[in-house]
Structure formats: structure tokens, C-alpha cells
Amino acid sequence: MNGTEISNFSRRDFLKVCSMAAAAVGLPASAAEQMAESVSKRKPSVIWLQFQECTGCTESLLRTGHPDAAQLILDLISLDYSETLMAAAGHQAEAALEQAMKDNAGKYVLVVEGAIPTKEDGRYCVIAGKTAIEMTKEAAAKAAAVVAIGSCASWGGIPSADPNPTGAVGVGEIVKGKPVVTIPGCPANPYNLLGTVLQFATFGTLPALDEKGRPKFAYARVIHDDCPRRPHFDNGRFAQRYGDEGSRQGWCLYKIGCKGPQTHANCSLLSFVDTVGAWPIGIGAQCFGCTEKDLAFRVPLFQTVDVQGATPPAMYTPVNPQAGSVSPLATGVAGAVGGALVGAGLAYGAKLAKAEGETAGEEKKP
Amino acid sequence: MSAEARPVGGRILTPFFYVLTLLAAIMATLVLYRIFTGVGSITALTDGYSWGIWKPINVVTFTGIGAGAYAVGLLTYILNEGKFHPLVRPAVLVGALGYTLGGTSVIVDLGRWWGSVFLGFPPWYNASSILLEVALCVITYMAVLWVEVLPAGLERMLKDGSPKWKAFAERWLPRVRRVLPFIIALAMLLPTMHQSSLGGLYMMAPTKEHALWFTGWLPFLFLVSCLTMGYGSVVAMDVLLGVVFRGRYRSHMKLLGDLAKVSAWTTLFYVAFRLAALAWEGKLGEAFHLPGPAPFFWLEIALFLVSGLMYLSPAVRRNRGRLFLAGFVGILAGALYRIDTYLIAYDPGPGWHYFPSLGEILVTLGLASVGIAVFVVVVKTLPILALGTGRDAPFDASRPTR
Amino acid sequence: MNVTRRTVLKTLAATGAAGAAAGVAGRAEASHEAATLVPDAMGLLYDSTLCIGCQTCTVACQRANGMPVDKSLVTINGAPFDFPSDTNGYNKTVIKLFQSGDRHAFMKMQCMQCVDPACTKACMLGSLHKVENGIVAWDPIRCTGCRYCQISCAFNVPKFQWNEAIPRIVKCELCRSRVDGGKGSACAEVCPRGAVIAGKTTDLLATARRRIAENPAKYYGEKDEHGKVVPKIYGEHDGGGTQTLYLAPADVSFEDLGLPKLGHEPPAQMAMNVQHTLYKGFIAPIALYIAAAWAIVRNLRKEAAAERAHREEGRHS
């Protein structure tokens, strides 16, 4: 895969992709320039291993909307080993892997796609005589960073669905003693991967990760919190079944089992295949929680889930009403009238009393 | 008994009368507007404060002022202190007007006022409803009061009317006089019932009424304080009339002095009972609890005490102005107690706020104006006030009061 | 002074008799019996621990009852908000949020369907009355719009249409007459989490107790006489019992949610004791009338006799 040809694209397109990647990771615009420069000097080496997977994550990476985007992506990183994309096969391919690991030892990013079977000592996935477990351990040992792309590599994915006959697990179960960045999704959003890898290549740092190793820039919030259909949820407008009135109006899919309220991902914010709306809720299908081990391939599609929020809605009807207005004009008039009436009465009485006293005094005089 | 009563006479269309008419016209306009746009359009009422100033002022305070008929009537008819007769007719007129204004205000306040026709349909009565009892009593009592005013109209007809009306009066006056005792008995029973129940209404809201005002003694306290308001209104009004109609009407100072003594003990009894009831219920501590409506409680007590103590003093009873003040403060005390019970001490819960709107204030003023205007017209044209010296000596500073 | 003191005492005695009876009656034990739960009483169970604040119930209630859209402008903390701020003349139920520091919970407000309601006692002509299943219903024909029901309801349930020429009193009636052809409480029908469910109050109580038994630490409780915190179902005994019941999360009290603290006695009990004792069989008023009439007739006769004697005297002197 060395010496990839540079095809016809402008530096502007190149920078655009870098900007997208930088923005995805939450780095400032200036980072894009730095990324572009770093890459032009020396592309980061990426070794991509695939095990129990459908290759969807690779496809996701390749199927972007920009012209020659596949090539753009391939020009940002040096994909030194990829069973899907490399021209070589058989022993030649294995030799390439060995060579790549040796040449870039301590510097390459290991990307693993697919789950790793553990039953029967990993016999359910053997490539060139090595089990997936062995391959992973060996590659991870000399990797500068380990990234598990997709739900399968992150926590086991579809292969790990009950009854999990192969004992499929995520990379984190195999690679110990080293941080494993997990980028779950089925498929994962390619820009989540791109941003992570480029940040690492340019700055040598990984983005902030949560307790499951997921980059927080993409997985800190749940779909529910950033969903474009949220206003419908907030106002009680729901689709009850596919094709009904609510469904056609694009209302909230919560009641037909959308797992958005418990699924950490950024699908609504960062488009797949560079096409806005190309994600389940966008096309009217309930989110099934593909990033979450507890949801995807476990909880039935139409089963509703609890809405968990760290904080309740910022704008909501409070328990105590704020009702009843006090008109300043009325207050003034009431004060004036009331005061005038009472005051007049008291003053009148006092005046009368005084006059009376004087008259009485005069009458008393002989 | 009414031999000395004569129309005061005099011009009706005075500048003061025009002012009253203007206020009444404003009120009428507002009421007409309200009929077509709903109660909320001219009031600041909300679901938390469903009753505003109209209930405590237009209904309860105006009828409290009108309770002079009841207060003096008790003395005159039940306790046979006939000397108070000259004060009865004007008190009854004030009562009739006060209750009519109160009744009018209720109708204006009723959201579905047309439903009130069913107040005449016993099969639908809810025997548990305190408000129903108040409504029926007030309606009946209003009729009773106007019947009590009727003799004055008939007498005028007898004296000055055309032959046809004279004949009418000749036939009806004796009949009315014959049933009057039974009408008066009603006039003693009905206020006992509804004046107390006007306070009793708030026994239904224990969670919203402040501890200093909420008690099972509410009916009793309202009853006693309606007497003090009634005495106060008769005293203040009689002094006022003597000044306003100088030369034609003389205030019955001796009678007022005696009335003052009765009122003094009634007022002081009220204060003592109020404080004792609170102490017995263990709530006196609330009177020192701030922030809260406690200052209003103290203001009430102060006003009652001032009024009661003033009544006790012979110097006050001799002096028209001071006696007027004592009566006026007595009215204020009773009015404040009612406003406090209905509004200040009423808290529907956090978040609810209320202050009367301009519309409510103008309607209250307009109604009061109608009452005053009609009173003045009636007093000037019908034999209500005892103008002659009669049994009652005019004010004489040299004569000691008993 | 003698005359006056006697006068005063007589006055007070005359009026005090009735009043004193009122005070004594206030302490009388149950001269008016509090009502009890009818066997087929219906209600709702709202579990605040399950509610997610989606407000589908508010919308469904409006639709099922044919209420017009509430166009009143509401602001929350100064910003315009497109949802009703409370139940009102156009909304029979609404979800509210309690929030304080880390604690928060949703609250569904609607009529409590009290076992012994204050409103049905207050209503002059019985417009608010109990119908089948113990539901408190409003009859437009008998209502005068006096709003005494609003004063007497400890929960501030009945709401009034302030800006209508023909206003109504509006409150939840458990969807006993839906306009959309459905049956049963619409709110319970649409709730996606089962936070509000409808049914017979006895069944709802059993459900609530079962939930508490399964997870007592989840629910708000109060200290019993031994000082032990026992999870509480609001409405089981509160205010004499209500057919609509509430469960709250452990760290949020019912008062936080806006439900008043009530004893086991219906709030209107004292008032009813006083009123019914005073006016039982109308005996006291009639007796008072007879006494008054007798006194007046006697006094007037005395006075007439005295007047005649006075005139005779004058003639003979």
C-alpha cells in the first residue's frame, strides 16, 4: 500500500476533509492546518485488522459523498494493512503485515474491526494459522494506540448476541494494560475514527475518553438529547406504528421503541456517507441502540426504554404556578382611594371633634 | 313610633350627586362589558384567588354596615329598648341598600349568573352548602328589609299622594303594620344565620386559611363583629347626617351615647373572645411569626380596641366628632377583619398572587356610589329620619349623659 | 349604667346562644359522617418514578375531551413556553416538574376524585356531585359559577374559564364522556411508560402496594409511630382518601410535588360538623324565629299599652 497515487483533487478539498476531521474531534480550525501539514510530511501508519465482522465499518469509511473521498481518506493515512483494500493476498499479505509492524513499531495505530471469539481458545477465527486473539495481542504489543472500530470490536456486537456461541468479545477484553479507544456503532461513524486517528497522529494525544473508552466528543450525550425530533417528544406527538399519521408527520418514534434515550452516539450531529438524514431516525425508523452493549441485539426493537437524564428539561412547567398579575396602576389607585377614604373619615372626625370642643367650651362660659 | 319621621327635603341634584352618578355609570359600563366577555375581563381573579375584593367589600362589608338594622333592631324589638326607634328607620334603609348592593355584586361576580334562578328551586338545594344558606338568607333578608322600608313609602303616599295612591296607602299601611312583627322576627333570625355563615364559609378551607383566622369560631366571631360594625355604622351615620343636614336634622346624641356603651362592651367582648379562642387553640404564637399576615391581625385588634375604648369614654360620647371617629374606626375594624379573612389570610398555595384590578376597584366604588346616592334621595323624599325633637332631647352640653 | 349593662348582656345572650352552639359543635365528633370508598370506585395511579415528562397524556386528554387548544401565552422565567402552565379552563391535566438541586421528579396534576370531596359539599345547587364509580362530575345546568368549589378544594382542582361569557368549571372526570369515541381514561391509555394507569381504586392500591413491596427503597416514605420510614401511597388516607393515588421517588416528598399535607379527615369535616349541628332539621332557626316573634309581639303590645296609658294620662291631667 506504499506510494499511493495522488489523484486530481485540490488542496482546498484536502483541507476541507481535515477541517471536518478536526471539527469532529472538537479541535479548533487551526488544527486542520496542522493536521494537513503533518499528514503531508508523513502520513500516520494504520494497521487494520478484521475479525468477526461484516466489513460495514470499512464500507462506512469508504462510502462518503465527496468526490474521490475514498482516495482522500486513503491519502490522509497510510493504510499499511487492510484485508479488504489491499491488492495482495495470501503469504504476500502476511508478509506485508509483518513488515508494516516491524517498520512502524511503536508508531502505528492499530485499528481492529470485528469481534474476537474466545471459545475453544479462539478457534472460531483463525487467519493464516493464527487465532484472532494471538493476532490482536501481537499487533497491539507494538502499537502506539489501539482503536476498536464498530460495536463488534468495541464490545462484541452482533456475534456476541445471545447465546454467543463463539464467546465473542470486544478488543478491550483481549488487550490489557493499554488504553483501547472504542468507537462503537453499527456501523461506526467514519469521522469519529478519522478525528481520533488524526488527532493522535498530529498531536500524539487521544481525545478524552469515557469509562468505556469512547471518545467523549462523540459519545458523551445520548441521541435523545440531540435528536431533531425532540420537540415532538417534548410536546407529546408520537408515531404509534409505521406509516400512521404521526409517522408520516415525522413525529417522535419513542413509543415504537426508539432507544435514543439511552444510546450514546452522535448520529444526528455528524452525517453518515456525508448525507444529512442518512441515519435511522432520519428515515423514520427507530434507533435500536447500536452503540450500546445493553441494548443492541438484546432489547427487542419495539420495546420502549426509560428516559434517563442527568438533568431534567431546562424549560418545563414548574410545580407551583406563576399566576396572577399585580397591576401597578390598580395598586396605585387602590392605595389612593383607600387612603383617601380612610384619611377623609379620620380627618373629618377630628375636625368635627375639635369644632365640637370649641363650641362646648364657648357654651360653658357663663 | 315613626311620628317624628319626615322627609328631609332639599335639592337632589347636587354636585356630589353628579359625582356619584358618574361613578355609577362607570360601574354600569364595566358590568355590561363583563356580561359579554367574562368575569376575567375586568377582574384580576385567577383560579387560586377565585374571590377578590368584591366578596369581602361589596358583599360582606356593605352588609356589615347594613347590619345596623340588625344591631339596633335587636335592642329595640327584642330587648324592648323602644327609645332607639328614631334610629331604626335610617338603619333599615342602610341595611336594605347594603344588602341590595351586596346581592348585585354577587350576581355580577357569578360566572353563570343565569343559574341563580334555580336558587328558587328547593329540590336542587344542597343542604351541606354553607354558601347556599348565605344566598337564600341574603335574598330573603333583602326582601324583608325593603318590606320594612315600605311603611315609610306608604306614609308619604298617605300624606302627599294623589287620591288614588292615598286610598292604596290607606288600605295597605295597616296590613303591613299588622304583619310587621313577623317580618321583624325574620329580620332578627336571618342575619343571625347568614352573618355568621359569611364567616363560616372559610371553615371549608382549612389548608388555605391562616391559623390566626381559621377557627371553628368563625361564625360566632363574624356575628359579634357584624354587631359592632352595625353599631358603628349607625353611630357614624347619625352624626354625619346631623352635620350634613344641619338645621333640618339633629343627631340623637343621647341615643348614640347609649348605643356606644352597648357597642363598647360588645367590641371589647369580641377582642377578648378572639384572643381567648386563639390562646385555647394554642395559636397565639402565630401572632408573632414574621413574615406573614400577623401585622394585619394586630391592626385589627388595635382598631377594635381603639373603637371600644373610645366608646367607653364619656368625653367621646359627648363629642360628635369623637363619637363619629369611634364609629368610623369600628366600621374599619370590622371591615378589616372581613378583608383579612377573605383575602389577606387566604393563601391558595405558592405561586398565586392577587391584587384587585382597576375594574374591580371601579365597580366597588360605583356600587358604593349607587348606595349613597339612593340613600340620599330616599332620605330626602321619604319619611325616614326623625326630624322633630320628639322624645329625644337635642344635644345639650350642660346635661350630663347617664 | 345598669340598664346598659343588662342590655348588653341580653344582647350577647340572644346572639351568643346560636354562636356558642356553633363553637361547641365544631368539637363534636362526626355529627356529619365522612363518606367511604364505594366498591366500584375508579381512579388513577400515578407513579412519579416512572414518568418521563413526555406530556402525551396532556395532549391525549385534550383530544379525548374535545378541549379547544389553549392559546394563553405562558412564560417560564421570562421566556415564552408553548405548554399550559397549570390545569386551567382548557386543560384537565398537565405534567409539571419539581426540581431542586440534584432532585427532580415529574408530577401529573388532575382531579383527585376524593372519597369525601369538599367541592360537592360547597356547591350550592349540587352541580358538582358524585356519579357512578365515585367520579366527581360537573353539571352545567345547576352551576352558577360562584366558584366556591375552587375555594374549598384543598388541591385547587376545579378550574374556571375566566374569559368566557358562558364559562364552565373544568376538571378531570376520568373521561366518563369522551368525544373521540374511546372509552376509559385517555391519559392512562397513551402513557408509554405506564406511569399513569387507570382502574378500580382497590386494584390500584394493590398495584401500588406490590410495587412498594418489590422495591421499598425506591419510593418516598414517611416515619410511622415507631420512627421507621414506611413508603407512602398518597391518597390512601389523605384528606379522607382519594380515588386517584400517587407514588413519589424516595428523595422527593409529596409536598415537593405540590400535594398538600392532609390528615386522615376530609378537610371539610369541621365545617360540616358545625353547619350540620347548627342547622340539623332546621330546628334551631325555627326555634329562634318563634322566640323572636314571641318577644317582638309581646314588646309591641307592652309599648302600645304604655302609649295608651300615657295618652289617657295626658287627657285626664
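Visitor: What makes the pair of side chains Asp70(C) and Asn91(C) a polar contact?

Guide: The distance between the two side chains is 3.0 Å. A polar contact is a pair of N or O atoms within 3.5 Å; within protein, one must be able to donate a hydrogen and the other to accept it, and residues adjacent in sequence count only if both atoms are side-chain atoms. The pair of Asp70(C) and Asn91(C) therefore counts as a polar contact. This is a predicted model, in which local features need pLDDT of at least 70 and side-chain atom pairs count only at pLDDT 80 or more, while totals for chains, interfaces and linings use all residues. Residues are numbered from 1 along each chain as its sequence is written, chains are lettered from A and ligands numbered from 1 in the order in which they are written, and side-chain values use heavy atoms, with hydrogens and water left out.

Visitor: Why does Asp70(C) count as buried?

Guide: Its relative accessibility is 17%, and buried means under 20% relative accessible area, exposed over 50%, partly exposed in between (1.4 Å probe, protein chains only). Asp70(C) therefore counts as buried. This residue lies in the loop between α2 (56-64) and β2 (74-76) of chain C; helices (H or I, at least four residues) and strands (E, at least two) are DSSP runs, numbered from the N terminus. Leaving out residues up to four places away in sequence, Asp70(C) touches Gln62(C), Pro84(C), Asn88(C), Tyr90(C) and Asn91(C), where contact means heavy atoms within 4.5 Å.

Visitor: What share of the residues in chain C is buried?

Guide: Buried residues are 55% of the 317 in chain C. The chain has 8 helices and 13 strands.

Visitor: What makes Asp109(B) and Arg147(C) a salt bridge?

Guide: Their side chains meet at 2.6 Å, N to O. A salt bridge is a side-chain nitrogen of Lys or Arg within 4 Å of a carboxyl oxygen of Asp or Glu, so Asp109(B) and Arg147(C) qualify. The count between chain B and chain C is 1 salt bridge. Arg193(C) and Asp306(A) also form a salt bridge, at 3.5 Å, N to O.

Visitor: How do you know what area is buried between chain B and chain C?

Guide: Buried area is the accessible area (1.4 Å probe) that two parts lose on being put together, summed over both. For chain B and chain C this comes to about 6,700 Å², with carbon and sulfur atoms giving 65%. Asp47(B), Arg112(B) and Met204(B) supply 13% of the area that chain B buries against chain C, more than any other three residues. In the contact, 81 residues of chain B meet 75 residues of chain C.

Visitor: What is the corresponding area for chain A and chain C?

Guide: Chain A and chain C bury about 2,300 Å², 56% of it on carbon and sulfur atoms. Tyr316(A), Thr317(A) and Val319(A) supply 32% of what chain A buries against chain C, more than any other three residues.

Visitor: What is meant by the largest nonpolar core, and how many residues has it?

Guide: A nonpolar core is a set of buried Ala, Val, Leu, Ile, Met, Phe, Trp, Tyr and Cys residues joined through side-chain atoms within 4.5 Å. The largest has 173 residues, and those with the most contacts inside it include Leu259(B) and Tyr148(C). Helix α7 (residues 218-244) of chain B gives the most to this core, 17 residues.
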